[in-house]
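Reader: I would like to learn how to read a model of this kind, one feature at a time. Please give the general idea before each case.

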Amino acid sequence: MLVGIALISSIILTQALPAIPEGQLSSGDPGSIAVMNQNSEDQNTDPSVESTDEPFDIRSFLRKYFGKPKANEDESLAENCTENETLTFPPTDDEIFQMILRNESFSFNLLSLQCIIALDQGDQNTLKSNAARLHDLAVDLHEQVEPLEVEPHHYGRKALFLESMGSFIDVTGVLKEGLPHYVSERRAAYLSLTSAIERLDNVIRNINCQTVPPGTTEDVTGLEVMPEVLRPDDILPAGMPAIYRDATNSNEISIYPQYARKMQSLYYEERQGLGFATRHLNAAEGRSYIMVYMVVTHRGNMDGKKYTIQTPALSAFTLHGPEESYKPVSTPEYTSLGEMYTQKTLDRKESTRCSLLFEVPEDLIINNAYISANLGSGYGTISWNLT
């Protein structure tokens, strides 16, 4: 840089000052100063010589020797890049959208589960705290995603994401004020949370492995990349009860899966000495969990004899995918998902609502699986879709 400054200085001096013939006195000598003054007077009195009283224009001089700067800054940057340099461009709206999905989904799942558990246990303080955090996060992400101009193949995914955020905002707006007073209100809040989580899971599904060419429209529910599972002809939709009677033919029972969701881990509390320790259950590498929420109800006694029933054993349930089937994972009775499924005795009009857990390949999606329950020799196996 010093060399460059010296070069420019020498050029400027050469252009700006009159040449002094060899052998003339130095500039510090009085005689030299007199000669220079005399030359200046001669130039000013000669009408044929252009006046030099005008100040020296450094910008004009630099433009003359080094050319004009380029109007387009990007082109200038690109032209000056060496072979080893690359220009950094800001992320596109699609990239921002996908980063939000990948980075925030775990927080939504965790906060939602904590709200669900607090609802179930009537924990006022925990519910208010987690619901407020979930509400603020949903509002913030809704504001971030709504103005993004994503590509056409992300239209459906963005719409479903905003719908999910809207559901979170609505339900947590109520829950952050405290525990609902009526049981029906708590149940409605619970269903709204689980529905919002399910929609968010559908948004995130296959976010890293989609191969939709640009310019094509994609439906979020049409992202399956695995072969279709072969389903029974009489399969029931999720949420539709199968009604049957127990082995004594005395009591009527209903059973159905309400919804399913995918996850990578859960946790539970384990007694340790006088207190409790938190234990985590994580899916193996290349695997994930599918949780299926089951509802079993004792609908009533038919003959006035035996008034209790046994729910199906854990081993009665099977999750079916396109390539293989899976049996439930044994877990503690209560986890971060709430109550887990165990066989139990129910009295008349009593229900149990609990979760089955299956470990499956990571690329197995809920739309491409179904669940079955063996209800005994009299009724055989009943199957349900999960969506």
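Author: What follows takes up the sheet, some single residues and the cavities.
This is a predicted model, in which local features need pLDDT of at least 70 and side-chain atom pairs count only at pLDDT 80 or more, while totals for chains, interfaces and linings use all residues. Residues are numbered from 1 along each chain as its sequence is written, and side-chain values use heavy atoms, with hydrogens and water left out.

Reader: Which order do the four strands of the open sheet have?

Author: Helices (H or I, at least four residues) and strands (E, at least two) are DSSP runs, numbered from the N terminus. Two strands pair if DSSP finds at least two bridges between them. Here the order is β1-β2-β5-β12, and the pairing is antiparallel.

Reader: Why is one side of β1 and of β12 left without a neighbour in the sheet?

Author: β1 (242-245) and β12 (351-361) stand at the edges and have a single partner strand each, so one side of each lacks a neighbour in the sheet. Neighbouring strands are turned by 30° against each other on average, direction ignored; axes are lines fitted to C-alpha atoms, for helices over the stretch in contact, and angles run from 0 to 180 degrees between N-to-C directions.
β1 is joined to β2 (residues 251-263) by four bridges, the two running antiparallel. In that pair, alanine 242 stands opposite isoleucine 255 of β2.

Reader: Which helix lies across β2 and β5?

Author: Helix α8 (residues 183-204) lies across β2 and β5 (287-301), and runs at about 45° to β2.

Reader: Leucine 119 is my next stop: is it buried or exposed?

Author: Buried means under 20% relative accessible area, exposed over 50%, and partly exposed in between (1.4 Å probe, protein chains only). Leucine 119, placed in helix α5 (residues 93-121), has 6% relative accessibility and therefore counts as buried. Contact means heavy atoms within 4.5 Å. Not counting residues up to four places away in sequence, leucine 119 touches several residues, among them Leu127, Leu175, Ala189 and Leu193.

Reader: What is serine 167 in contact with, leaving aside its neighbours within four places in sequence?

Author: Serine 167, in helix α7 (residues 155-175), is in contact with Ala196 and Arg199. Its relative accessible area is 15%, so serine 167 is buried.

Reader: And where does valine 329 lie?

Author: Valine 329 lies in the loop between β8 (325-326) and β9 (334-335). At a relative accessible area of 25%, valine 329 is partly exposed. Leaving aside neighbours within four places in sequence, its contacts are Leu357, Phe358 and Glu359.

Reader: How many cavities of 30 Å³ or more does a search of the whole structure find?

Author: A cavity is a set of points, on a 1 Å grid over the protein atoms alone, where a 1.4 Å probe fits but cannot get out; lining residues have an atom within 4 Å of a point. The search finds two cavities of 30 Å³ or more. The largest has a volume of about 60 Å³, and its lining includes Leu113, Tyr190, Tyr259 and Met291. α8 gives the most to that lining, with three residues. The second largest cavity holds about 30 Å³ of space. Its lining takes the most from α5, with five residues.

Conventions
1 Å grid on protein atoms, 1.4 Å probe; cavity = no way out; pocket = protein on both sides within 12 Å on 5 of 7 lines; lining within 4 Å. Points joined across faces, edges and corners; volume = space filled by probe spheres on them.
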